[in-house]
Amino acid sequence: IRFRRKGTTNQNENNGDEEMMTMDDHEEGDIEYDSDEEEQEHWDGDLQGDISSDDDEETLKNLLEASKDSAKRARLRALEDENFQYPDEVEFPEDVEARRRFAKYKGLKSFRTSPWDPKENLPRDYARAFALASYKRLGKRSKEYLETTMDLDVGSYVRLTIKGIPTVCLENLLDPQSSTFYSSKIPSSVQLQVGDAGGLGGGVGQPWRGWTGGAGALVVSGLLRHESRMTVMHFGVQKRKEYTDPVPSKHSMWWHVGFRREKAKAIFSHDGLNADKFKFERFLPPRVPAMASLFMPITFGPAPVLGFSEKIGAGGAIQTALVCSGNVRAANPDRIALKRVVLTGFPFRTHKHKGVIRYMFFNAEDVKFFSPLELWTKYGRRGKITDALGTHGHMKCLFNGVILQHDTVCVTMFKRMFPKLERHQHNATNQNSEIELENRMHDRREFEQTGDKMQMY
């Protein structure tokens, strides 16, 4: 829900702004509770019509998970409609300093021509990304290398010997009853320990848990040269007409790329040509081609791409649905996807091409910090901030034409978005806390180095 500020702001509006700020930052905006009892009481109140005295504990747990998943999708649908009605507009609580809230953002005079360094402020995950000078040329040379080194002819028989497979995986592979994707026989990461060597799947991608859809033919696929290296892959995808649920960026999905299957959190951006910067999309747009970027091992095209989403059904079973389809485009960690944020204000007093604007900022320090940014209005005027007026965020502005009293004044900022590396449970969990601590320290240093005014590029 979008909260329009009036003269004062009550507690409910502050709560709504905090939820919008959480959605704008990174994730999907899950509701947080002080305790497990409070969460259980909240969801039990919504499930009173569905619960009977004959239901066992497992059924109640399944109903709770299904209700939470349904409420989450309804909240995302409301946010998607809000983003469609007010594209990229963001508001923040009055007690939060805008220069700290938007410390990672920059101003651009022109989205098309202004420079942006692709190596600036890269996250720690990008240290694992393999950079390619030319994706198409490397793929061509890898195929040529395979043709010169391959000694086998088409139709020949070979014997493959695979070592180090746990017994539980072998039983699951040969069991004809294992025909569902989420079989109870699929072993956990703890069960995949093999002596002193640790768990399987410690390299690139997901660990193999022995599932192949039951007894039958086992497909073995070989990799081309460099296809085991991790990088940022880009897929041209389009949302399916049959899928109506919202798909936010950084939403965990299953991606089937050629013969590979990876669970990753992709970000969506505009699919354009002959550009060095692309607009970040908060949700996968319907009926419009988009670009999905995610961490994944290199896959040379041509290769089809299918994206599947998971949701919890009424019976507690995990259901999958085809969300989007497309093909492999490129592998390039330097592709820039910029998130656009619009702050709005409203004229308080106007006189010809001058005006006093309020409700965009709420203290004089923020007005001075964002003064280099260019203003624009929804009626086509351009302007700039000349000075702060008072201590409550009012500011004097100068425009290139007559400013109307019912106009809306806006300012635009941009921040680069990066795909999120999916950290599976079989990896070291304490490594995540170290990474989070380092990221927080980096954000603090970045805020301390911002200076007195925001820079324009």
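Among contacts in the protein chain (heavy atoms within 4.5 Å) between residues at least 6 apart in sequence, 75% join residues at least 24 apart. The model is a predicted one, in which local features need pLDDT of at least 70 and side-chain atom pairs count only at pLDDT 80 or more, while totals for chains, interfaces and linings use all residues. Residues are numbered from 1 along each chain as its sequence is written, and side-chain values use heavy atoms, with hydrogens and water left out. The secondary structure comes to 8 helices and 13 strands, taken as DSSP runs numbered from the N terminus (helices H or I, at least four residues; strands E, at least two). Of the 457 residues in the protein chain, 40% are buried; buried means under 20% relative accessible area, exposed over 50%, and partly exposed in between, with a 1.4 Å probe and protein chains only. The protein chain exposes about 26,500 Å², and carbon and sulfur atoms supply 49% of this area, as computed by the Shrake-Rupley method with a 1.4 Å probe, where for residues only the protein chains shown count as cover.

Turning to charged pairs, the structure holds 12 salt bridges, each defined as a side-chain nitrogen of Lys or Arg within 4 Å of a carboxyl oxygen of Asp or Glu. Asp88 forms one of them with Arg340, the closest N and O atoms being 3.0 Å apart. This pair links distant parts of the chain, with Asp88 in the loop between α3 (57-85) and α4 and Arg340 in strand β8 (residues 336-351), 252 residues apart. Asp88 is buried, at 4% relative accessibility, whereas Arg340 is partly exposed at 21%. The backbone of Asp88 also deserves a look: its phi is positive, about 70°, although Asp88 is not a glycine.

A second salt bridge brings together the side chains of Lys119 and Asp334 (3.0 Å, N to O). Lys119 lies in the loop between α4 and α5 and Asp334 in the loop between β7 (318-331) and β8, so the pair ties together parts that are 215 residues apart in sequence. Here Lys119 counts as exposed, at 51% relative accessibility, and Asp334 as partly exposed, at 28%. In a further salt bridge, the side chains of Lys263 and Glu310 meet at 3.7 Å, N to O. Lys263 belongs to strand β3 and Glu310 to strand β6 (residues 304-312), so this pair ties together parts that are 47 residues apart in sequence. Lys263 is partly exposed, with 23% relative accessibility, and Glu310 is partly exposed, with 25%. Salt bridges that share partners also join Asp88, Lys279, Arg282 and Arg340 into one network.

Strand β3 (residues 260-270) also contains Arg260. Arg260 is buried yet has no salt bridge, and the nearest side chain of opposite charge, Glu227, is 5.1 Å away; Lys and Arg count as positive and Asp and Glu as negative, while His and the chain ends are not counted.

Another arginine, Arg99, is found in helix α4 (residues 98-101). The side chains of Arg99 and Asp366 are joined by a polar contact of 2.8 Å; a polar contact is a pair of N or O atoms within 3.5 Å, where within protein one must be able to donate a hydrogen and the other to accept it, and residues adjacent in sequence count only if both atoms are side-chain atoms. Arg99 and Asp366 are 267 residues apart along the chain, and their C-alpha atoms are separated by 5.9 Å.

The peptide bond from Gly301 to Pro302 is cis, with omega near 0°, and Pro302 lies in the loop between β5 (290-297) and β6. Asn274 has a positive phi of about 55° although it is not a glycine; Asn274 lies in the loop between β3 and β4 (277-281) and is exposed, with a relative accessible area of 86%.
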